[in-house]
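New notebook page. I want to get my bearings in this one, starting with a single element and then stepping back to the whole chain.

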Amino acid sequence: MTMTATGDEASVLTRVDGGLGRIELNKPKAINALSADMVTIIAAALDAWKGDDAVKAVLVTGRGDRGLCAGGDIKAIHRDLVEETGESLEFWANEYAMNHQIAHYPKPFIAFMDGITMGGGVGISAHGSHRIVTETSKVGMPETGIGLFPDVGGTHLLARVPQPGVGMHLALTGQPFTAGDAIRYGFADTFIRRDRFDDLAAALAESADDVDAVIARFAEEAPASELAGDEEWIASSYDSSTAAEVVVALRAHEDERARATGDLIAAKSPLSVAVTFELVRTAGAMELAEVLERDLRTGAGISAQPDLREGIRAQVIDKDRNPQWSPATLDDVEPALVTSILATEQTRKVFS
């Protein structure tokens, strides 16, 4: 059963294979970057399959060999910011509702987090019940580099990383992490080699009512976490009350990697870093629905500031990699501005 347009022209291909609902993101040239129509198709498929007894589980994959999903379509966000259409808020609201739908799906939701899985790609995978990584997985929330923040409920995940400071480190740096890291820090569950995926999918379709057993047959020991060796200096450096203090602590550390990390964070959007610090710091006490609703308010607030437009321009429009941030440094970011962004009032809601 195909629920969308047939052929390669559809941005998302959905079908039922045996007892398995298949969702395949189909924009490989853009590493399956999420657009508004893709969110609509995914949400509709999940709604339809929720009450279909023939569908025992759902599997989401990305077409092409570069990755599951590179995130949201930031060129479309930039266009909206320039033209002031308001489409970004509508997209985010629908995307966040889909993230919540995935997190609370009543059937197994299996995500194949192969290759690049970042930003919005984390939103359609790491909230699922069964998260599979491979030797090519590059997972991350790189939003501070474009003037945004880890949205799609990302701070809900980051705040729950058990190792002290690591969630904040991943949030502020935006650095991609490996399959071993993803499992260690709670973004994934199982390691399976990429070349075994087709066999896994066929087995899941045949035995979709026994997902755990099928995945266990294909699972292998994950590669060691590459970040684990840095946990000692991360724990001490991120034990600060502000993002600016974190950067000072990192730059003063005896470990060369810590000092380089301080410089890396300082090069990100100072406003985004300050906002992200507060979001991660407080998300641990919040339910996912609360985080997603706050993400939408924060997205509205930060969109009114110049950094998001400037960051996307520098990274993907002009590609000069030389954003002019405003405020220019973390010391220049007023706490009141951060507070106002997180508390932005606007009528659009994720959950009406």
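I went through α6 residue by residue in this predicted model, and found V166, G167, M168, H169, L170, A171, L172 and T173 buried. Buried here means under 20% relative accessible area. With eight of the eight residues of helix α6 (residues 166-173) buried, I noted that the helix is largely enclosed by the rest of the structure.

Next I asked myself what covers the buried residues of α6. The cover includes α5 (154-158) and α10 (231-237). I also wrote down α11 (243-251), α12 (256-267) and α13 (270-283) as part of that cover.

I then checked what comes just after α6, and there G174 takes a positive phi of about 70°.

Time to step back to the whole chain. I counted 16 helices and eight strands. The radius of gyration is 20 Å, close to the 20 Å that the globule rule gives for 352 residues, so I put the chain down as being as compact as a globular protein of that length. Along its principal axes, the C-alpha trace spans about 55 × 45 × 40 Å.

I looked up burial for the chain too: buried residues make up 54% of the 352. For contacts with a separation of 6 or more, I found that 71% come from residues 24 or more positions apart.

Last, the surface and the charges. The chain exposes about 14700 Å², and carbon and sulfur atoms supply 48% of that. I have 32 positive and 54 negative charges on my list, and their mean positions are 3 Å apart.

Conventions:
Residues are numbered from 1 along each chain as its sequence is written. This is a predicted model: local features need pLDDT of at least 70, side-chain atom pairs count only at pLDDT 80 or more; totals for chains, interfaces and linings use all residues. Side-chain values use heavy atoms; hydrogens and water are left out. Helices (H or I, at least four residues) and strands (E, at least two) are DSSP runs, numbered from the N terminus. The radius of gyration is taken over C-alpha atoms; the globule rule is 2.2 Å times the number of residues to the power 0.38. Buried means under 20% relative accessible area, exposed over 50%, partly exposed in between (1.4 Å probe, protein chains only). Contact means heavy atoms within 4.5 Å. Accessible areas come from the Shrake-Rupley method with a 1.4 Å probe; for residues, only the protein chains shown count as cover. Lys and Arg count as positive and Asp and Glu as negative; His and the chain ends are not counted. The place of a charge is taken as NZ of Lys, CZ of Arg, CG of Asp or CD of Glu.
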